[in-house]
Amino acid sequence: MSAQIIDGTRLATEMRTEIAAQVADLKANRNITPGLGVILVGNDPASLSYVTAKERACAAAGMLSREIRLPEETTQNDLLNCVEQMNQDPLIHGILVQLPLPRHIDEKAVINAISPAKDVDGFTPVNVGRMLIDEPCFLPCTPHGIIQMLIRAGVETSGKHAVVIGRSNIVGKPVAHLLMRKARGGNATVTVCHTGTPDLAHHTRQADIVIAAAGRPNTLTGDMLKPGAVVIDVGVNRIPDTSRKSGFRLAGDAQFESVSQVASMVTPVPGGVGPMTITMLLHNTLESCLRTCATTLP
Ligand code: NAP
């Protein structure tokens, strides 16, 4: 079998076109532009490239993006003040603090300082709690992007067995919850695996859908799959590669060559989950702006 590629770039473009049309409509009819505030601390090259990609996507969708770039040695108090400025800014509907933060800053304290009404990453305890009890909230971008991919690629989740590799707060736990939700793109039976799972392959071989979010290359190989399974590869691993100008290439958590021989569908890295993550950030920022309109405009 040679798996069909789930093209995240194409699906993301499709969604971004829909979002841009809604943004244009808001501007034309209500004179309001959705705005994303981005805070970047330090000079981590990966963070810088993520932030640049997010800002470009914002501009392409017709949204406003406002960036605050702070030096590595910024104090936690100064950062908290910037977050508060954005909380109060009526032109900003969504706030993104790029993670990871420098070690001397308490990441939780900073996330908790973001107003839940502008928490378009869906990381604050209020949004996480609301998600768990199926109340209106901002869903975290990567897990939500994965569910949208499955829906738009025509993958049935209801009644299927999904195995999630990874239990982080930003990917593993929330995607497991969204897959089990009684909702479109959910209603699956979900198994969550992690480093305490003695025999990972025992679980993945029973899966109709595998979500690989371990952050380790080759965590999932073809012999660990049931024939015809769908594989969503979330991992982004930088593999040293001296033949490239950058000195590295990107690889997912799945060993693409062997997995694509057994799976029916697989996401590539790059060009899979990544573009969908950014798209869901735009989606949440638009959503936040629409909520503001609903509460402030006649
Ligand atoms: P993380 O916080 O490091 O969590 C990794 C999880 O995987 C942990 O729960 C860990 O288990 C588990 N794990 C690691 N090795 C394992 C193994 N061999 N077998 C079973 N479980 C294993 O990482 P994350 O933030 O969730 O991100 C995961 C990957 O997705 C990373 O490569 C990251 O760069 C990528 N990512 C991509 C996007 C995107 O938009 N494309 C967005 C977010 C993250 P323990 O809990 O037991 O340690």
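Visitor: In which loop is Pro 100 found?

Guide: This is a predicted model, in which local features need pLDDT of at least 70 and side-chain atom pairs count only at pLDDT 80 or more, while totals for chains, interfaces and linings use all residues. Residues are numbered from 1 along each chain as its sequence is written, and side-chain values use heavy atoms, with hydrogens and water left out. Helices (H or I, at least four residues) and strands (E, at least two) are DSSP runs numbered from the N terminus. The peptide bond from Leu 99 to Pro 100 is cis, with omega near 0°, and Pro 100 sits in the loop between strand 4 and helix 4 (107-113).

Visitor: Which loop holds Pro 270?

Guide: Most peptide bonds are trans. The bond from Val 269 to Pro 270 is cis, with omega near 0°. Pro 270 lies in the loop between strand 11 and helix 10 (273-296).

Visitor: What is the phi of Asp 134?

Guide: Most residues other than glycine have a negative phi. Asp 134 is in the loop between helix 5 (125-132) and helix 6 (141-152). Although Asp 134 is not a glycine, its phi is positive, at about 55°.

Visitor: How far apart are the C-alpha centres of domain 1 and domain 2?

Guide: Domain bounds come from an automatic or database domain assignment. That assignment gives domain 1 as 33-116 and domain 2 as 141-274. Their C-alpha centres are separated by 28 Å.

Visitor: What is the strand order in the open sheet of 3 strands?

Guide: Two strands pair if DSSP finds at least two bridges between them. Strand 2 (residues 35-41) and strand 3 run parallel and are joined by 7 bridges, and Gly 37 has Arg 66 in strand 3 as its bridge partner. The pairing in this open sheet is parallel, and the order is 3-2-4.

Visitor: Why is one side of strand 3 and of strand 4 left without a neighbour in the sheet?

Guide: Strand 3 (64-70) and strand 4 each lack a neighbour on one side because they stand at the edges, each with a single partner strand.
Helix 3 (residues 76-88) lies across strand 2, strand 3 and strand 4, and its angle to strand 2 is about 175°.

Visitor: Which strands are the edge strands of the open sheet of 6 strands?

Guide: This sheet has parallel pairing and the order 1-11-8-7-5-6. Helix 7 (residues 172-180) lies across strand 5 (161-165), strand 6 and strand 7 (209-212), running at about 170° to strand 5. Strand 1 is joined to strand 11 (residues 265-266) by 2 bridges, with Gln 4 partnered by Met 265. The strands that pair on one side only are strand 1 (4-5) and strand 6 (189-193).

Visitor: Which strand gives the most to the lining of the largest cavity?

Guide: With 3 residues, the most comes from strand 4 (residues 94-97).

Key: Contact = heavy atoms within 4.5 Å. Axes fitted to C-alpha atoms, helices over the stretch in contact; angles between N-to-C directions.
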